[in-house]
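Let's take a walk through this protein, one stop at a time. Have the sequence and the 3D view open side by side.

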Amino acid sequence: MDVSTPMRQALALAGQAVGLTEPNPRVGCVLVGADGAVLGQGHTQRAGGPHAEIVALRDAAAAGRDVRGATAYVTLEPCSHHGRTGPCCDALVAAGIARVVASCTDPNPLVAGQGFGRLRAAGVAVETGDGGAASRELNLGFFSRMVRGTPWVRLKVAASLDGKTALDDGRSQWITGEAARADGHAWRARATAVLTGIGTVLQDDPRLDVRLAPAERQPDLAVVDSRLELPPTARLFLPGRRLWVYTAQPDAARRAELEARGAEVIALPGPGGKVDLAAMLRDLARREVNELHVEAGFKLNGSLVREGLVDEVLAYLAPKLIGQGQGVASFGPLPALDAALPLRFLTTDRIGDDLRVIARVAGRDVF
């Protein structure tokens with residue numbers, strides 16, 4: 001289905017909200033008069049700030065443009081509930097908008113068709129479907145959280161062409177070049193939270209923040225730490241960033257040390273003294289995590305793959321061979337080749353001297 005010009009503009013605006021609106025969806029809105037002129041436009045702001053429709057109405061008002069009888073092109077159903085802000089559908093009705101063209105229904109059960117219903121009840125014509133696929137793709141994390149009750153899990157790896165992410169002793173800095181590392185930070189910036197494992201923390205003492213790309217906010221952080229070994233001196237502790245530590249064997253003294261540093265320790269014991277990873281994802285969804293960006297070692301990567309919890313792989317491949325070393329994910333052995341995890345390539349791009357591959361696990365985006 002072709003996307004109309006105003007909706008393409010609205011989708012472009014929604015794209016500008018990536019990394020800004022968490023945990024709200026990325027939404028754009030364009031108000032168009034009867035003569036086809038753009039009267040106002042905007043995208044959703046930070047959580048607690050105005051939604052796209054309100055920004056567009058304010059934009060029109062600031063320019064002295066009358067929006068009565070106009071059409072609002074919006075990339076998601078206008079909200080109908082009082083959350084951090086008031087209902088956008090009511091604001092559109094009050095402004096005299098005559099028609100709303102929306103890309104898709106909001107999957108949030110608090111909205112889910114109710115916004116459209118209130119608009120129609122007020123005499124506003126409603127159409128849906130224009131740009132629906134693009135809007136959903138832009139908000140896969142939000143749709144995943146609302147429909148499946150889990151975040152969209154993106155596994156990021158940097159590897160040599162022969163699939164090695166580190167030497168045998170764990171050293172991995174740096175396999176890829178500066179451009180790939182900066183691009184990786186841009187993907188961190190768009191995520192609600194970054195997930196890593198205690199092995200990576202003890203080996204590298206990373207910060208896992210966004211430094212090499214523009215960022216409106218720092219993503220929150222989750223650490224899988226079965227035996228609660230996270231040092232209170234770790235560089236992960238950053239002011240203003242929520243840090244969740246998932247453990248299977250909570251120790252009262254260690255827990256107190258970490259909580260004194262501002263971390264929240266969550267006990268989710270699973271089989272074999274490990275963290276219940278599926279329960280962890282459900283808990284992160286309850287904490288309003290839409291996109292979960294995983295930067296971990298081969299053990300945690302393997303556990304996530306083995307349990308069927310990975311949705312997408314973001315891989316940076318360097319033009320070098322390492323030979324013996326650590327791989328991307330440790331799982332298996334597989335009984336046959338046809339038992340391998342099936343992926344579908346989405347994009348392949350040169351990033352500096354490296355190759356970026358985005359591949360999606362088959363069927364994971366059908367929900």
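**Starting at Thr200**

Thr200 is buried, because its relative accessible area is 16% and the cut-off for buried is under 20%. Keep in mind as we go that this is a predicted model. You'll find Thr200 in helix H8, which runs over residues 198–204. Leaving out residues up to four places away in sequence, Thr200 touches Asp205 and Pro206, and also Glu295, Ala296 and Gly297.

Thr200 also turns up in an annotation. An unreviewed UniProt entry gives the feature "binding site" to Ala158, Trp174, Thr200, Asp204, Ser226, Gly297, Phe298, Lys299, Leu300, Asn301, Gly302 and Ser303. These positions span 146 residues in sequence, and the farthest two C-alpha atoms are 27.7 Å apart, so they don't all gather at one spot.

Ser226 is another residue on that UniProt list, and it sits in the loop between E8 and E9. Is Ser226 buried or exposed? With a relative accessible area of 12%, Ser226 is buried. Again skipping residues up to four places away in sequence, Ser226 touches Tyr246, Thr247, Ala248 and Gln249, plus Gly273, Lys274 and Val275.

In soluble globular proteins, nonpolar side chains tend to be buried together. Here the largest nonpolar core has 30 residues, and Leu195, Tyr246, Met280 and Leu284 touch the most other members. Elements that give two or more residues to this core include strands E6 (152–160), E7 (193–197), E8 (220–224) and E9 (243–247), as well as helices H10 (277–286) and H11 (298–306). H10 supplies the largest share, five residues. Take Met280: beyond its neighbours within four places in sequence, Met280 is in contact with Leu195, Val224, Tyr246 and Leu268. There is also a second, separate core of 25 residues, with Cys29, Leu39, Ala56 and Val124 among them.

Last stop: Asp354, in strand E14 (residues 354–361).

Terms used: Residues are numbered from 1 along each chain as its sequence is written. This is a predicted model: local features need pLDDT of at least 70, side-chain atom pairs count only at pLDDT 80 or more; totals for chains, interfaces and linings use all residues. Side-chain values use heavy atoms; hydrogens and water are left out. A nonpolar core is a set of buried Ala, Val, Leu, Ile, Met, Phe, Trp, Tyr and Cys residues joined through side-chain atoms within 4.5 Å. Buried means under 20% relative accessible area, exposed over 50%, partly exposed in between (1.4 Å probe, protein chains only). Helices (H or I, at least four residues) and strands (E, at least two) are DSSP runs, numbered from the N terminus. Contact means heavy atoms within 4.5 Å. UniProt positions are given in the numbering used here, feature names are shortened, and annotations may be inferred rather than shown by experiment.
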